[in-house]
Amino acid sequence: MRNKLSCLLILFIFFLGFSQEDKGYFVITIESQTVPKYHGLEKYYWIIPFDSLSDSSNYKASPFYFEGISNDNLENCSKGLSVDLFTSTTDTNFNFPETYKNEMVKFESTILSGRKKVQSINKKWSNKGKKKTEVFVTPIKGDLCFCRASGVMTSNFGISELIAIPKGKIIVDQSLLNSDKGKEVLQIDFSKYTYSNKI
């Protein structure tokens, strides 16, 4: 019975997103490769709300998650409650409605299809190790929820800021990059930040 109620709530959240005007965001994709290769390609996603960006030095960025999300996480985040995406139990509910599942599998391909490379960052160390990081921006529109990280995310990984989770369909909107705010986001220097939102 609880699973049925959860599915109905997620369906309500999903379709509510379509009844509202979708907001604009810039998804920041960070891809890092270290030599020697200890971990393979590391990929991180952050998101900057369109309305939060004043200029290239004034904006709000949040870790963006669209994998490893449970039904419980989505419900709680939509209510404004804190979530811990890094912890699950036998009671954790991953039983999403098919409409949301279908969108979940498209999130990454949608983001990658519309991205624009904005920066390459190369670091070298005295032990001959090196790290190459490439940064991409994808302008999207969609319905997201923002909530605080908690639990293991905070205690073990130090993630204490707001995180973002998609509530439904997202689409690429290249017109956002042609706006004044879009031109500002392309000027951000991402080399001074550390990214650690990988599950």
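# Exercises on cysteines and cores

At 2% relative accessibility, cysteine 77 counts as buried in this predicted model.

**Exercise 1.** Find which cysteine is joined to cysteine 77 by a disulfide, and describe the link.

*Solution.* Begin with the sulfur atoms: those of cysteine 77 and cysteine 147 are 2.3 Å apart, and this pair forms a disulfide, the one disulfide that the structure holds. Then consider the angle about the S-S bond, which is -105° and makes the link of cysteine 77 and cysteine 147 left-handed.

**Exercise 2.** Decide whether cysteine 147 and cysteine 145 are buried or exposed, and explain why cysteine 145 is in no disulfide.

*Solution.* Cysteine 147 has 2% relative accessibility and therefore counts as buried, and cysteine 145, at 5%, counts as buried too. For cysteine 145 the nearest cysteine sulfur is that of cysteine 77, 3.2 Å away; because a disulfide requires sulfur atoms within 2.5 Å, cysteine 145 is in no disulfide.

**Exercise 3.** Locate the largest nonpolar core and name the elements that give two or more residues to it.

*Solution.* The largest nonpolar core has 29 residues, and those with the most contacts inside it are Ile47, Phe64, Leu85, Met153, Ile163 and Ile165. Two or more residues of this core come from each of β1 (23-35), β2 (42-49), α2, α3 (98-113), β5 and β6 (162-172). Apart from this core lies another, of 17 residues, including Ile30, Val137, Leu177 and Phe190.

How values were computed
Residues are numbered from 1 along each chain as its sequence is written. This is a predicted model: local features need pLDDT of at least 70, side-chain atom pairs count only at pLDDT 80 or more; totals for chains, interfaces and linings use all residues. Side-chain values use heavy atoms; hydrogens and water are left out. Buried means under 20% relative accessible area, exposed over 50%, partly exposed in between (1.4 Å probe, protein chains only). A nonpolar core is a set of buried Ala, Val, Leu, Ile, Met, Phe, Trp, Tyr and Cys residues joined through side-chain atoms within 4.5 Å. Helices (H or I, at least four residues) and strands (E, at least two) are DSSP runs, numbered from the N terminus.
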